[in-house]
Amino acid sequence: MKAKDAWDEEVDVMKYVLYTEAELTQRLDRHKEMRINESKNNLSTFLSLHPIQWTDGKYYSVTSEKQALLTSNLALYQISTAAEQPFKLTWNSTGDECVEWTYDDLAALALAIGVYVKPFVSHQQELEIGIKACTTSAEVDAIEISYDAVLAEYLDLHADKDVTE
């Protein structure tokens, strides 16, 4: 086949390039890192699209940013209580303005979010371990990065329970 014919037929010339073992290892490591980042980004997106429904019927965001803000809010309340300084504890459901909460109710929400998010984070960590264990690009590509089954399992386990249990 002539070079022009190969170009016209869009033959992947990369499969004809020879790499050293070190170069192949570097390429595989980069591919693994890309897939691990994809699993983390997909988790972040998934959590942003799947808030938790609380006992008040409203939905609350479970992103890592919101979890950090919630934890900080609860910690500030505890510090202000210890210092005997007033601190208005507020939080908001998805798309709503902040409203005042009791410490016990907001702490219960934080715990429920933790229980909700934990299986998703564990699944991402399992994916990461699986990706790191791969020895070929094909194996890396064969790993399905999805959190739908984790959500289905969570919903099955909690279908008959109050979200605060």
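With which residues is Ile-52 in contact, once its neighbours within four places in sequence are left aside? In this predicted model, Ile-52 is in contact with Lys-58, Tyr-59, Tyr-60, Val-62, Leu-109, Ala-112, Ile-113, Tyr-116 and Tyr-154, where contact denotes heavy atoms within 4.5 Å. Because the model is predicted, local features need a pLDDT of at least 70 and side-chain atom pairs count only at pLDDT 80 or more, while totals for chains, interfaces and linings use all residues. Residues are numbered from 1 along each chain as its sequence is written, and side-chain values use heavy atoms, with hydrogens and water left out.

The chain has 6 helices and 4 strands, and from the N terminus on its elements run α-α-β-β-α-β-β-α-α-α. Both kinds of element are DSSP runs numbered from the N terminus, helices being runs of H or I of at least four residues and strands being runs of E of at least two. Of the 165 residues of the chain, 27% count as buried; buried means under 20% relative accessible area, exposed means over 50%, and partly exposed lies in between, with a 1.4 Å probe and protein chains only. Of the contacts in the chain with a separation of 6 or more, 63% are accounted for by residues 24 or more positions apart.

Ile-52 also belongs to the largest nonpolar core, which has 31 residues, and is one of the five members, together with Leu-106, Leu-109, Tyr-116 and Phe-120, that touch the most other members. A nonpolar core is here a set of buried Ala, Val, Leu, Ile, Met, Phe, Trp, Tyr and Cys residues joined through side-chain atoms within 4.5 Å. Helices H2, H3, H4 and H6 each supply at least two residues of this core, and the largest share, 9 residues, comes from H4.

The axes of H3 and H4 come within 11 Å and cross at roughly 150 degrees, the axes being lines fitted to C-alpha atoms, for helices over the stretch in contact, and the angles running from 0 to 180 degrees between N-to-C directions. The two helices H3 and H4 are therefore roughly antiparallel to each other, a label that applies to angles over 145 degrees, whereas angles under 35 degrees count as roughly parallel, 65 to 115 as roughly perpendicular and the rest as oblique. On the side of H3 the contact is made by Gln-67, Leu-70, Asn-73, Leu-74, Tyr-77 and Gln-78, and on the side of H4 by Tyr-103, Leu-106, Ala-107, Ala-110, Ile-113 and Val-117.

Asn-73, found in helix H3 (residues 64-82), is buried, with a relative accessible area of 11%. Beyond its neighbours within four places in sequence, Asn-73 is in contact with Phe-87, Leu-89, Thr-90, Trp-91 and Leu-106, and its C-alpha atom is separated by 8.0 Å from that of Thr-90, 17 residues apart along the chain.

The loops on either side of H3 hold two further residues of note here. Thr-63 lies in the loop between strand S2 (59-60) and H3 and counts as buried at 17% relative accessibility; leaving aside its neighbours within four places in sequence, Thr-63 is in contact with Leu-47 and Ser-48. Glu-84, found in the loop between H3 and strand S3 (90-91), counts as exposed at 74% relative accessibility and has a positive phi of about 55 degrees although it is not a glycine.

In helix H6 (residues 148-157), Val-150, Leu-151 and Tyr-154 are buried. These residues cover an arc of only 100 degrees around the axis, which puts them on the same side of H6, the arc being that of the directions from the helix axis to the C-beta atoms. An α-helix has 3.6 residues a turn, so residues three or four places apart point the same way. On the other side of H6, Asp-148, Ala-149, Glu-153 and Asp-156 are exposed, while the buried residues of H6 pack against helix H2 (21-49), strand S1 (52-53) and helix H4 (103-133). Val-150 itself counts as buried at 12% relative accessibility and, its neighbours within four places in sequence left aside, is in contact with Pro-119, Phe-120 and His-123.

Glu-128, found in helix H4, counts as buried at 17% relative accessibility. Apart from its neighbours within four places in sequence, Glu-128 is in contact with Ile-36 and Lys-40.
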